[in-house]
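Here is a short tour of one protein chain. Keep the sequence and the 3D view side by side as you read.

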Amino acid sequence: MTSTPAPFTAGDYQARMERAARAAADAGLAGVLVAPGPDLVWLTGYAPTAITERLTLLVLAAGQDPVLVVPTLEAPDAEKAAGAPALTLRDWTDGKDPYAATAPLLDAAGRFGVSDNAWAMHLLGLQGRLPGTSYVSLTEALPMLRAVKDAAELERLAAAGAAADDTYEKILDVPFAGRRESDVAGDLADLLRQFGHSQVDFTVVGSGPNGANPHHEAGERVIEHGDMVVLDFGGLKHGYGSDTSRTVHVGEPAAEEQRVHDVVREAQEAAFLAVRPGIACQDVDRVARAHITEAGYGDRFIHRTGHGIGVTTHEPPYMVEGEERPLVPGMCFSVEPGVYLPGRFGVRIEDIVTVTEDGGRRFNNTRRELAVVH
């Protein structure tokens, strides 16, 4: 079992808030408004115990100190957040207008980046006070804000990946045939927690024809001898995500099943080897897609090749056609091509990868060959 990494400090959070404010200014924005959710956790370390209709909002702008507007009854919890020493708390009490408390912090004619999960009622409330303001989602305005990880974040992602690997190695020993998909999914969830995950986000077990649906979770279908089974699972450990996929077979595979698996494995390897600073995100997708297309299964690869990962299991950058942003060291994302044959079976192989100075590094290192289970 790996040791617990050192916690992030107030200085770490201060640097992130300053970085966000600078990025906003560089993008022509007056600032950033952050509601409770992953962005707030990443910027301040604060996660309200309950997200309610009461306004909580972090206001960041270049040249001014960060301010966190919070309900008075939640201020004591906010003060305990690791990033609290790097910001000013402004509380408001029930019966008062939270937008009146927040409006003086904003440029009355400014355009602000807003975290994607902000409530419409809060933006409309602010706009009612400041009709000259306008807003754009952070995913649109600053999609790369959290994309490049520092050494401490990479350490956490590596630990999460290693825990997912341990989970896979153990799941190979459990019975598959004669059990429901949901039973194996429960085993995956238990193992992720056993290996240190505080949160399990998904445990996909797609057996036989269910494996041809990339987002099939786990149902009541009883796994049979002769089934291909897609396993895709992950969650959060030390606040950072894991996500890995392997495809196994119950008993010895047929020739076509082995061939499809080989095609996906080779595509995944080729896409990984393409990872290096400077290439466009879409190029990772193109490499995987070209290999699968050449093998005759191009129309059966029906999703992007990858997604970013960090404090959430899905975030920018995305390895997809049209995404021309270049890879830079510290970016972390999945490489997960797949082939899906409706009514028959599917295959997906996925590793989390980070960009290094001269290539890529995998955070998942379990065997990619087709494993036989029983």
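Is Ala62 buried, partly exposed or exposed? Ala62 is partly exposed, because its relative accessible area is 48% and the classes are buried under 20%, exposed over 50% and partly exposed in between (1.4 Å probe, protein chains only). Ala62 sits in the loop between E2 and E3. Helices (H or I, at least four residues) and strands (E, at least two) are DSSP runs, numbered from the N terminus. Beyond its neighbours within four places in sequence, Ala62 contacts Ala21 and Ala25; contact means heavy atoms within 4.5 Å. Ala108 lies 46 residues from Ala62 along the chain, and their C-alpha atoms are 15 Å apart.

The model is predicted: local features need pLDDT of at least 70, side-chain atom pairs count only at pLDDT 80 or more, and totals for chains, interfaces and linings use all residues. Residues are numbered from 1 along each chain as its sequence is written, and side-chain values use heavy atoms, with hydrogens and water left out.

**The cores**

Nonpolar side chains tend to be buried together in soluble globular proteins. Here the largest nonpolar core has 35 residues. Such a core is a set of buried Ala, Val, Leu, Ile, Met, Phe, Trp, Tyr and Cys residues joined through side-chain atoms within 4.5 Å. Met17, Val32, Leu43, Leu58, Leu60, Leu68 and Phe363 have the most contacts inside this core. Two or more of its residues come from each of helix H1 (10-26), strand E1 (31-34), H2, E2, strand E3 (64-71), helix H3 (75-79) and helix H7 (151-171). H1 gives the largest share, four residues. Leu43 touches Met17, Leu58 and Leu60, among others, leaving aside neighbours within four places in sequence. Another core lies apart, with 29 residues, including Val263, Ala271, Val275 and Ile292.

Thr244 is found in strand E10 (residues 244-250). Thr244 is buried because its relative accessible area is 2%. Ala164 is 80 residues away in sequence, yet 6.9 Å away in space, C-alpha to C-alpha. Among the residues that Thr244 touches, not counting those up to four places away in sequence, are Ala164, Glu350, Asp351 and Asn364.

Arg368 is in the loop between strand E17 (360-362) and strand E18 (371-373). Arg368 counts as buried because its relative accessibility is 16%. Its contacts, leaving aside neighbours within four places in sequence, include Arg246, His261 and Asp351.

The table gives polar contacts of these two residues. A polar contact is a pair of N or O atoms within 3.5 Å; within protein, one must be able to donate a hydrogen and the other to accept it, and residues adjacent in sequence count only if both atoms are side-chain atoms.

| Side chain | Partner | Distance |
|---|---|---|
| Arg368 | Asp351 side chain | 2.8 Å |

**Toward the surface**

Where is Ile51 found? Ile51 is in the loop between helix H2 (38-44) and strand E2 (57-61). Ile51 is exposed because its relative accessible area is 52%.

Asn210 is in the loop between strand E7 (199-207) and strand E8 (228-237). Asn210 is partly exposed, with a relative accessible area of 21%. Asn210 contacts Glu181, His216 and Arg221, leaving aside neighbours within four places in sequence. Leu73 is 137 residues from Asn210 in sequence and 48 Å from it in space, C-alpha to C-alpha.
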